[in-house]
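Trainee: Could you take me through one part of this model closely, and then connect it to other parts of the chain?

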Amino acid sequence: MSQEFTGNEARQNDGDSGQNKADQTQWISIKRPMTKDGVISSFKDNRQYFLAKDQYSATKYDNFMAMAMSIRDRLVERWILTQQRYHRENLKRVYYLSMEFLIGRLLANNILNLGIWDESLQALEEIGFDADTLLNQEPDAGLGNGGLGRLAACFLDSMATLGIPAYGYGIRYDYGIFHQKIIDGYQVELPDEWLKRGNPWEFARPEYTVKVRFYGKTRSFHDRNGRLRVVWADTKDVLAVPYDFPVPGYKNDVVNTLRLWSARSAEEFDFEYFNDGDYERAVYDQVFSENISKVLYPNDIIIQGKELRLKQEYFFTAAAISDIIRRFKADNSDLRVFPEKAVIQLNDTHPSLAIVELMRILIDEEDMEWDSAWNIVSRSFAYTNHTIMPEALESWPVPLFEKILPRHLQLIYEINHRFLREVANRYPWDQFRLGRMSIIEEGDPKYIRMAYLSIVASYSINGVSALHSKLIKETLFKDFHDLWPEKFNNKTNGVTQRRWLRKANTGLAGLISKTISDKWITNLNELENLMQHIEDPSFREQWRQVKAENKKKLSNYIFQTLHIQVNPEALFDVQVKRIHEYKRQLLFGLYIISQYLKLKDNPNAGILPRTFIFGGKSAPGYFMAKLAIKFISRIADIINNDKGVKDILRVAFLENYSVSLAENIFPGSDLSEQISTAGTEASGTGCMKFMLNGALTIGTLDGANIEIKEAVGNENLFIFGLRESEVQALKHGGYDPKQYISRSPMLKEVFSLIQSHFFSPLDPDLFDPIIDNLLLKDPFMICADFDSYCQAQDRVSSEYRNLDVWTKKSIVNTAKSGKFSSDRTIAEYAKQIWGVPVNQKLCGEFLGSGQNY
């Protein structure tokens, strides 16, 4: 059977088609059956009619494409109906702007959210395909660098599941985060050609192309009414072409939109140059323009990289603002009600130029007075901060900014002038405060502080964990909090349980659903009911069996990719995340060396068998992070080739860490390494994925670790190290790492081994930068925390020897992870920041209590 819908609200999937509403009468039908036979029929039709292949000529990737198109057909029917309803009811929309969307593979996720998981697997089996083989044909859409982009993807999933009218905006990078190879221990970056064989999920929307302007000059004049007007002229233009991805909610027939922009030249081809024989110059403008969306995060150490990065940020925000206004005007005529119909959430400072672009359009194109325009802007934007470290806050040199966006610089100066006048009125005679709070940082050259611009223009500023939000109010943005305390709030991050438990860990998900029902898939607080079964020996045994199977699967992956044989019964001790000094992969490495030394000193020391697993990418230009990868690789080489320790210790660095690899790692992990220096990690979401899958945390009181500790209790995780206040006190009092080395016999022995060139005999100076940095600076206090870390690891070893006790702790971690669902986070955003309704059945428990997490 098919469901059919009609009405004068029917229009194109995105929005206003430009036709008279009365003429837009058409039938929309849901015709694709959600059954095994329906999927089989669609698969065969798509393979034959869209790909022009049969069962003999189709490649593995063709078969993936045919299956993806079959699922896409079912998404499209619901997608169109969802967008029609949004327009028919003229709902307030949420626009989520982010430079990154680390969406990963989509086929399995879309099957799951459509509610046809079993039917699809049965269809593939009947056709004669292995489901895992077919699903693994899909490339990871690596349109993000790490936590920021993965958080954005989780948020989109939750917004759709909660029924929030939402749109994501970002960049359709031709090349995503680089493909990492580890060659002789070194990271080597290769291009990530995720689009080279076609992408079944995207729909080009050339009819909504936006012209984006750069460079040029401004000219001021007074119009006939005596009002000062500014014209931005002689610009170089680039076309922003949108590509739409459907984002389905879980079993609710809601499909939202992720719109990614691709750069195209406004002038495709210059015949004059071509006819003169200058063939390269004939296509120069095209190549130059399309570089904007070519690659994620160009190396901004050089000025050309900085310029390209700035152009990327303006490119997608300008296109997004134009698109948002177009969609608003499809159903509304008065821009003064814009904040009642749209809220724009800035995912960090990368999209903050959207603020200035909206001001430019309202003043220069819509002829608004400044105060009226600012009233709209300051009620439309909300800003999420994702960093604690001042050096990580984005700023742009004024000369570069003026060259690329001259009109926007004028507007920023005016915003800053009016803002500083407000500060001066509030704090007369406090010139130092004016300097501290100015959007323009004085110097040679001057810099534009984008976080400050975001704070000034936004009605909400939130951190992403309780500690992070406290620190930005007390330190990083204290002056702004003093001025506007009502703007600041906390929204602890979360992850979607649908991908990170239901999809990634089908064994555990099945056991949980069999035991307490599957309500947890849309209300993660339901996992609390697992506590009723924790004393059941049979349930604990089943829990252990699931973990054992997941560890075997991960062991097989390690052997297939690295040819390292690991013991699945050993403790799997895992740190997977972006490689960065503050995340302290080196601390983990030093601990591994200490265990190796103990074992070599006494083979009968009774050291707990462990497999240490690393994964993560370093920024291409980050010398110390890339050297850390080489250091870890050398530790692995030594230990894995030492027959005297092979049954006890193993080290594996899994190359090319990605969303799909993470889905294999989290289910098979026993211990989650969350060991950043206290006060440096804003939140972290990897810790939540480990916890959800039953791993125990070893970590500092940093980021979301604090809230995990509050949820599970001290006895169900392993906390060590300096607190944030102690870190600050030590810094201000003068930190000397050598004192800690001298007081720690084990740390002293570890340093001696490294300094003896044991890990670099053919290149004795290779690791000197690491040693020198730790001895002379140790900016992230590895030496200060080393002994405390080792003591916590001793507690881990003791606890793991009693597998029944460890299993109980594992169950507690999963049972107490309800707070860390992105559904809860988004429900809080919706109620407390965005002012949009949500599906009360799914998140009433989060919102009904009025609790602020």
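**Helix H34 and beyond**

Mentor: In H34, the buried residues are Ser-822, Asp-823, Arg-824, Thr-825, Ile-826, Ala-827, Glu-828, Tyr-829, Ala-830, Ile-833 and Trp-834, where buried means under 20% relative accessible area, exposed means over 50%, and partly exposed lies in between, using a 1.4 Å probe and protein chains only. Because 11 of the 13 residues of H34 are buried, this helix is largely enclosed by the rest of the structure. Helices here are DSSP runs of H or I with at least four residues, strands are runs of E with at least two, and both are numbered from the N terminus. This is a predicted model, in which local features need pLDDT of at least 70 and side-chain atom pairs count only at pLDDT 80 or more, while totals for chains, interfaces and linings use all residues. Residues are numbered from 1 along each chain as its sequence is written, and side-chain values use heavy atoms, with hydrogens and water left out.

H34 covers residues 822-834, and the C-alpha atoms at its ends are only 16 Å apart, short of the 18 Å that a straight helix would reach at 1.5 Å a residue; that expected span is 1.5 Å times one less than the number of residues. At the start of H34, a side-chain oxygen of Ser-821 comes to within 3.0 Å of the backbone nitrogen of Asp-823. Such a polar contact is a pair of N or O atoms within 3.5 Å; within protein, one must be able to donate a hydrogen and the other to accept it, and residues adjacent in sequence count only if both atoms are side-chain atoms. After H34 comes Gly-835, which has a positive phi near 70 degrees.

Burial also marks strand S13 (residues 342-347): 6 of its 6 residues are buried, so S13 is largely enclosed by the rest of the structure. Both of its faces are covered, with Ala-342, Ile-344 and Leu-346 buried on one side and Val-343, Gln-345 and Asn-347 buried on the other. S13 is joined to strand S3 (residues 93-97) by 5 bridges in a parallel arrangement, and the bridge partner of Leu-97 in S13 is Leu-346. Another 4 bridges join S13 to strand S14 (residues 381-384), again running parallel, and Asn-347 has Thr-384 as its bridge partner in S14. Two strands are taken as paired if DSSP finds at least two bridges between them. Strand S24 (residues 696-699) is likewise covered on both faces, with Leu-696 and Ile-698 buried on one side and Thr-697 and Gly-699 on the other; S24 pairs with strand S23 (residues 671-674) in the parallel sense over 4 bridges, and Leu-671 stands opposite Leu-696.

S16 is joined by 2 bridges to strand S17 (residues 447-449), in which Tyr-447 is the bridge partner of Glu-441. The loop between S16 and S17 holds Pro-445, and the peptide bond from Asp-444 to Pro-445 is cis, with omega near 5 degrees.

Leaving out residues up to four places away in sequence, Arg-499 touches Ile-103, Arg-105, Leu-106, Asn-109, Arg-150, Ala-504, Val-659 and Glu-663, a contact being heavy atoms within 4.5 Å. By contrast, Ala-52 is exposed at 63% relative accessible area; Ala-52 lies in the loop between helix H1 (36-50) and helix H2 (60-88) and has a positive phi near 55 degrees, in a residue other than glycine.

As for confidence, the chain has a mean pLDDT of 92, and 92% of its residues reach 70 or more, pLDDT being the predictor's confidence in each residue, from 0 to 100. Over residues 1-12 the pLDDT is below 50, and this stretch has 38 contacts in the model beyond near neighbours in sequence. Residues 848-853 also have pLDDT below 50, with 9 contacts counted in that way.
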